[in-house]
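Here is a friendly briefing to read alongside the coordinates.

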Amino acid sequence: MSATYLRRSTWADDELGLQTAAGVTPTGRVAHPELFTGFLARPDVAAAGLLAVADVAASRYADAGQAQRLANLDPVITASGDQLRLESFSACNGVQARLDLLPDGIDSGNVAFGTTNVDVNTPLRTALAGMGRDALVHVAVGDEQLRISTPEASWSEDKVALPQRWVRGFAEVPAVAAGTSPLVELTGPAIARFMAGLPRGGGLLGPRAHLEARSGLKPVPRPTSSSITVDGVGRLRSAARLARFATALQVRRGAHGASVWVWQLPGARFTLHLSAGAYKGFSGGGSLLTLLADPAGQASATTLLGHLAWQPRLDREHLRSASGLASAAVDAGLAWLAASGRVGFDAAEQAWFHRELPVTDLQQALTDHPRLAGAHHLVERGAVTPDGERAWSLAGSRGDVYRVVEQDGVLVCDCAWACEAAAGRGPCKHVLAVTLSSTAPRSAS
Amino acid sequence: MDTGGEVDAFAASWDVEGLIAWMREDPQRVQAAIAWLAAHPGEFTLDFERANTDRDWWYRAPWFEAAVVLASATPAVAARSVAWDRLQTWEKMVGSIPSTVRDLLGLRGRQWCTQLMTRLAPTWTLSYEMFSPLVRDLELEVPEGNAYVWGWLAALSTTPRDQWLELVLSEPATPKLVENYLASDLMRSNPPVLPALPPLVAAGVLERAWLLGRCLELVMGGARPAAQREVAGLLLALEVTLGDLPGGVSYAQTLLAAAHGSVAAVILPLLLQPGHGRDVVLEAAASVAARPEKGMKQTLLRFLKQPVSGDTLGRGVVVEAATLLGEGSDDARLATQCAALVTKLTGSRDHDAAAPSGPTTQPRLGLWWMTPPAPSGPVPQPVPAPAPYSDAMGPTMATELRDGLTGTRGRERHQIDVERAVDGLVRVGLTHPQAVRVWVEKAVGSCVRRPGAMGQALAAWHHAPGPDGYAALWELVGTLVSYDVWDPALPWALREVAASMHLLRTLEALGGLGEVPALLATPTRTDYTLDLDALIDRVRTFDGRPAGPLDLLQALLRLGPVEPTRAGDLVGLTLPLRSPLPATHPLTRTMPTDGAEVIRGWVAAGGLPQVTWAPVTVPHNGTWWGWQVELPAPAGLLAFAPPGLLDAAENPFAGEGYAPLVPAWPDVSCFGRYYLPPPGRHSQDVDRIVRSRRPFGLPVYDQLLSALVAPRDRDRDWAIELWLDLLGDDRFDAETCAEVARLRMDAAVLPLARLTRALEAAASAGALSRVWPFALRLAEHACTAERVPPGTADLLRWMADIVPEVPAPVMPSAVTALAARAGSTKAHHEAKRLVAAALVPA
């Protein structure tokens, strides 16, 4: 899962050249795809957004001492014909940032289709910081000429790798985003008031805060029915670069503490997905693991895959008619695709969008999820035995016996992980093992 | 003399210089020195005992060893084998030895030295002091890594600031050191290096553009606040202009939006130039409005107020910027100032709506009529009767007894079990004293074999459990709680006076086996309280048999306040007392004769009195909560208690463990806590005390307030939940809490802004009617002060916002007086709002 850039991204002579690594396009894997060439309506907004996405990639808000130190990872860019999306995860994987350059933010030019990494280096960051509103900047994402002129060797030896944490994060975030509901929308000066009033202290992560929606997301001492609890408000600070441009801020909250923050910008949109807890990275979730283990969902997804075509908004009705699948199968297929990282979810538009992660062994990366691997291991050694009509016993490796029962169509396990840590984190490996053993319904706790 | 003997001669006085000179004369001699080292393997082992007696060895031997190794080894071996960390201590870097060793290193050549420093660089053993002359003389490359830079910083920090320039100018590697410093994670405010660099820029040692570029890269990369503060100092010292920034105005806008406040504060004035035009000023205003720093908002407002701003930018732009700033701020005074500016420029008062200066007209939510949910904490349960014969002398009871005697479980958590065990033994012992004695001897035999004074005393009591053994232990406990005796084998719990009371009472009971029929003080409920009816019943069942004086005292302390008329219930009862001490002991002679009479007097006086609290200053230990009480019991009975049990002066820090001892005095557990502790320095015991549902006083409210204004969120959240329990139970004493708040305000340990958040939380949880009187008292005291304390504006703002919920609010005179006084502080402004809002008819 690594590639190289042909050269460093630069901004010189009013030409912003964002270099691409190996990517995926409608024609297949391409070494250095050219995804966009043209002009932006608000280069200052785009530059600030790109910097904010890069800030998130270079930040480690929480560190439980387990994560490998990764800094300055390059964002993933998806070109969808009429818009560009740049996405990144923080090093702790508790924050995902996405900048959507919308059609009205692209003045003129040609947006292709595909997904890849773009190089954002330190000199470029300095240059981007100086990009003004009135600058006439020609932007090129990928450089066809450069690729042709130097077909073999990479000009730069910089290697870009999409770590497994990112891959799993990309798989988890759509489910989290789709499960959120709108809480509040701030407009005008209320956005500045909110940003200025965010509690400080506690380092980069910041303190935990309960933000009351009825009073413009003002911090309150206790959670209320209309408040949102953010574990580590410092995770919102990357949006400070963009706050001066923001026209609206939409906040959505999920059932288990995850949240989605969407800043509406002139011609663009900046979205921050915050995980349920400061120390709970998206990569550690697994809410869609059951779907990955579902062959029916996989079959539907395979059928749908040919109809996605990097569309920025996937129309379920269109997919249903084009694929001939039933509505439920389309939903299951989309969920499977989300769990496999092939579609994202745009919370602002409440729509799925297509992207193909630029990794060669995507499926392997996802099925290597420790819980899913553990479930496969349990099934392989025959640890799952039916124990009644709607119950199963699983023999643990240390002689423990776990019991999974179906309650109201949902599989529930009595293991410690399921009891203590499972909220919003998907099924435990025992439930997955029961699901995989094909004797149980395809649902999970 | 052979070569080995010559090395011996050098080693006799650890003559490092001589050894080096000797080795330099003939390379073969190095081999002899190596052989000598090999023959003396233990000579250089770190030995602090030897260091104390042989200072030459301590100072010079490591250099001696290093000299031989550096003269002979490869760089890798030298890096690994020489005790670099020992050589670098300040006391070893004096004299001529270091320079002599450096000469020796110089002889090894540039390549050898470079390799050595490369090996040392990743560690913290690459000393700047040791190697910088070598780097200078041999023109070596400055080593990378933090260690060398750290040494340079250390050298700077020990140099007076007025000599820095001289030092850095004399160091040819300064540019590289600065570069390494900027790349390191050593940037901090002490010593702040960057602000001291402009003279080097002026002298041409450092290039201005390069230095600024590197520093701005740090800022853009999100460097730590300390590093950004240093950069801000540099920017100020260099008098940076927009022309210095790589992207000019746009770059400055990015910095203003995302940099640390210290950097943004330097950048803002660069953008606030009338000639910059509308977009620049409005974008800057939007950035400043979204930042928390009040200083920058004031800077922007001052700029907007200048006539030249309106003339150059146009009034419309100024109005737009002021509106952005005012509407985007929670700061009422700033909002008012912005609104006033807008009004002045437009002539319209419509913009006044932007400022929250008028009376609040929020719809009523009915908060006043709500009540917080009642707490659902555990309710004290009745204590089961003492165990019957078979259980009383079982293995479980043996464990309880052992733990009780050794103090390991004698504290609150298990004390009821131990007391029930002892009570059961006493009851069985009335009919089978010998059997019980044998069982006790066997059960506690192992635990009394402890080292130290307490072990000896317990063993003596064990062998002769009579009055003499008890007297010895009684005397010993008296010394232990006064901290005069240090017995390392003594369980720490027994140092607490409450635990020693428990031990003495247990021994008193075991000493009375066969005579005492039962214990008087065994609690009747799990909160350690004792019902008066149960005590009277027990006195009746004694039927003329004796009780222990300490047991009687404990029973009285557990009664709590009682109805004085109940004293009549004890008329006609008698209760002889049996002293555990020898008959000749003074306490035995002054002991009351009739315990029933003591109980009658106690009940007639109303039972347990409340304590009086006052701060006590303990020499060298600060100020603590101290207490005083006069118990309605004869002095002859009180004298049996361990010293300090009921006297704060003798026992200054022993509040722990009083809950089982005197359950009606939850405050006393706070005894031994700081007086007016800083925010967040509260006792965790406050939770247990508040949830005990018993009345408490100043010290507990002091602890509660300390928790409610704690700096850490989780502490405050926990305290608010606790406070809500108290409010839900309707036990919150606003007067007492306000009194403590007054003391804390006067001592400047009550952050009113944080307390306001707690008030806000309590009100939103339905406790407005119960916290409002407290808020009024707070506001009254804050407004009375000659200089209103910080946070008063926050308190008044919240009160102004919430006052529409209060029926017929009455404002304290101090608040109305503040509102009427001339002034432009935020507190003045909010006081006016509050008074105006309170006057709005319902």
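In chain B, 72% of the contacts with a separation of 6 or more come from residues 24 or more positions apart. Please keep in mind as you browse that this is a predicted model. The points below start with the two chains, move to where they touch, and then look at some local details.

**The two chains**
- Chain B has 842 residues, and 55% of them count as buried.
- Its secondary structure comes to 44 helices and two strands.
- Chain A has 445 residues, of which 60% count as buried.
- For chain A the secondary structure comes to 13 helices and 26 strands.
- Among chain A contacts between residues at least 6 apart in sequence, 70% join residues at least 24 apart.

**Where chain A meets chain B**
- Chain A puts 28 residues into the contact and chain B puts in 33 residues.
- About 2700 Å² is buried between the two chains, with carbon and sulfur atoms giving 53% of that area.
- On the chain A side, Pro221(A), Arg222(A) and Arg244(A) lose the most area to chain B, and together they make up 27% of what that side buries.
- Two salt bridges are counted between the chains, and one pairs the side chains of Arg208(A) and Asp717(B), at 3.1 Å from N to O.
- There are also nine residue pairs in polar contact between chain A and chain B, with both residues at pLDDT 80 or more.
- The chain A elements that each give two or more residues to this side are helix 1 (43-57), helix 2 (122-129), helix 5 (189-196), strand 15 (208-212) and strand 16 (218-220).
- Helix 5 of chain A supplies the largest share, five residues.
- By class, the chain A side holds 14 nonpolar, five polar and nine charged residues.

**Salt bridges within the chains**
- Over all chains, a search of the whole structure finds 49 salt bridges.
- As background, side chains of opposite charge can pair when their charged atoms come close.
- Arg42(A) and Asp44(A) form a salt bridge, with their closest N and O atoms 3.0 Å apart.
- Arg42(A) counts as buried because its relative accessibility is 17%, under the 20% cut-off; Asp44(A) is buried too, at 5%.
- In chain B, the side chains of Glu419(B) and Arg505(B) meet in a salt bridge at 2.8 Å, N to O.
- This pair links distant parts of the chain: Glu419(B) sits in helix 26 (residues 412-431) and Arg505(B) in helix 30 (residues 497-511), 86 residues apart.
- Glu419(B) is buried at 2% relative accessibility, and Arg505(B) is buried at 6%.
- Arg797(B) and Asp794(B) also meet through their side chains in a salt bridge, at 3.6 Å from N to O.
- Because they are three residues apart in helix 42 (residues 792-802) of chain B, Arg797(B) and Asp794(B) are separated by about one helical turn.
- Asp794(B) is partly exposed, with a relative accessible area of 29%.
- Salt bridges that share partners join Asp82(A), Arg85(A), Arg98(A), Asp100(A), Arg269(A), Arg313(A), Asp346(A) and Glu349(A) into one network.

**A hairpin in chain A**
- Strand 21 (residues 343-346) of chain A points Val343(A) and Phe345(A) one way and Gly344(A) and Asp346(A) the other way, and all are buried.
- Strand 21 pairs with strand 22 (residues 351-354) of chain A in the antiparallel sense, over four bridges.
- Within that pairing, Phe353(A) in strand 22 is the bridge partner of Gly344(A).
- The two strands form a hairpin with four residues between them, and Gln350(A) in the turn has a positive phi of about 50°.

Conventions. Residues are numbered from 1 along each chain as its sequence is written. Chains are lettered from A and ligands numbered from 1 in the order in which they are written. Side-chain values use heavy atoms; hydrogens and water are left out. Contact means heavy atoms within 4.5 Å. Buried area is the accessible area (1.4 Å probe) that two parts lose on being put together, summed over both. A salt bridge is a side-chain nitrogen of Lys or Arg within 4 Å of a carboxyl oxygen of Asp or Glu. A polar contact is a pair of N or O atoms within 3.5 Å; within protein, one must be able to donate a hydrogen and the other to accept it, and residues adjacent in sequence count only if both atoms are side-chain atoms. Ala, Val, Leu, Ile, Met, Phe, Trp, Tyr, Cys and Pro count as nonpolar, Asp, Glu, Lys and Arg as charged, and the others, Gly among them, as polar. Buried means under 20% relative accessible area, exposed over 50%, partly exposed in between (1.4 Å probe, protein chains only). Two strands pair if DSSP finds at least two bridges between them.
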